[in-house]
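Me: I would like a close look at one part of this structure. Please keep it brisk.

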Amino acid sequence: MPRREAIPGRSCPPHYGYSPAVFVRPADLRARSLFIVGGLYGNPFALKTVLSLAQRENATLVFNGDFNWFNVDAAGFSAVNDSVLRHAALRGNVETEIAGEEGGSGCGCAYPEWVGDAEVGRSNRILERLRETARAFPDLRARLGALPMHLVAEVGGLRVGIVHGDAESLAGWQFSQEALRERPERARALLAAAGIDLFACTHTCLPVMQEFVTPRGRALVVNNGAAGMPNFRDTNFGIATRIAHEPSGEALYGTRLGPVVVEAIPVRYDHDAWLARFDGVWPGDSPASFSYRKRITSGPAYELDQALRLSANAGALTRAA
């Protein structure tokens, strides 16, 4: 038997890695209002919604990876990438893998032990099909491969580390809701080593906003889960992270961090249109339908109150879903 970490879909290629010290640098961008959109997964209706949300307040948009996934039709692939690449963007494991040829990493997800082998295998097959579509777009592939793995933003004087996975790897799981619950001391150490007040991430598909205290003071790790799929049981909207000076009035939950508010914003896309588009591309016997259709129709087995992890005096901002 091969070592488990070498199995495609569970491996993490060396070139995915970086040191937390890379974040100790001047900001790459500054904004008064910043929307961070991860896990769009090729949903054009969610993309339309986040573009509208950002335009309403002239906000800066950053897409932090995996904006491709279900968009294996040529028109859908071209449209999503043409639109996203007009804005600041990072490459996720999906963009990294489709920009290159198969290198033994499968989907590049680096799935942990709690994800079953069958799901890992289906993700690898989804990636294979998406790569086939991408081969017809060499210029887009080149642009995707040239995207950075991380950015540093500044909002209200706070330093925001924008990543796809975590502070050490493009496909890292240390900022998953599971790891943050079980090993919070590791995230605290990464925040301190990076000199960052807030890490914004995605990749692991379930949202969480967790508070820490570091030598810089109060800090947050904010995982938006997915902008293009439901994140909570019996819901049909995605989530984006908003960082701004004033509250939006629409947040599912959030908190103040120094001079800004950090919020989980619902991405209320056209659910019926997206489900019809998904079913048209991924029929019932496809790997994407097996892995994701139930989540798209009724959400994961995860509740909104599981996502917000703040101290009693943190001043949480919450509203009903």
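Me: Is Asn-43 buried or exposed, and why does it get that label? Then take me through its contacts and on to the pockets.

Reply: Bear in mind that this is a predicted model. Asn-43 is buried, because its relative accessible area is 0% and the cut-off for buried is under 20%. In the chain, Asn-43 sits in the loop that runs between β2 (33-37) and α1 (44-56). Setting aside neighbours within four places in sequence, Asn-43 contacts Gly-228, Tyr-269 and Trp-274.

Trp-274 leads on to Phe-70. With neighbours within four places again left out, Trp-274 is among the contacts of Phe-70. Others include Tyr-41, Met-229, Phe-278, Trp-282 and Tyr-292. Phe-70 also belongs to the largest nonpolar core, which has 107 residues. Together with Leu-34 and Phe-199, Phe-70 touches the most other members of that core.

The largest pocket has a volume of about 620 Å³. Its lining counts 27 residues, and Tyr-292 is one of those closest to the centre, along with Glu-119, Thr-204, Cys-205 and Arg-295. Two elements give two or more residues to this lining: α3 (93-99) and α9 (287-298). The most comes from α9, with 5 residues. By class, the lining has 16 nonpolar, 6 polar and 5 charged residues.

The second largest pocket holds about 220 Å³ of space. It is lined by 15 residues. Nearest its centre lie Ala-110, Pro-112, Gly-172, Trp-173 and Gln-174. Here the lining has 7 nonpolar, 4 polar and 4 charged residues.

How values were computed:
Residues numbered from 1 in each chain as written. Predicted model: local features only at pLDDT ≥ 70, side-chain atom pairs only at ≥ 80, totals over all residues. Heavy atoms only, no water. Helix = DSSP H or I, 4+ residues; strand = E, 2+ residues; numbered from the N terminus. Buried < 20%, exposed > 50% of the residue type's maximum accessible area, 1.4 Å probe, protein only. Contact = heavy atoms within 4.5 Å. Core = buried A, V, L, I, M, F, W, Y, C linked by side-chain atoms within 4.5 Å. 1 Å grid on protein atoms, 1.4 Å probe; cavity = no way out; pocket = protein on both sides within 12 Å on 5 of 7 lines; lining within 4 Å. Points joined across faces, edges and corners; volume = space filled by probe spheres on them. Nonpolar A, V, L, I, M, F, W, Y, C, P; charged D, E, K, R; others polar.
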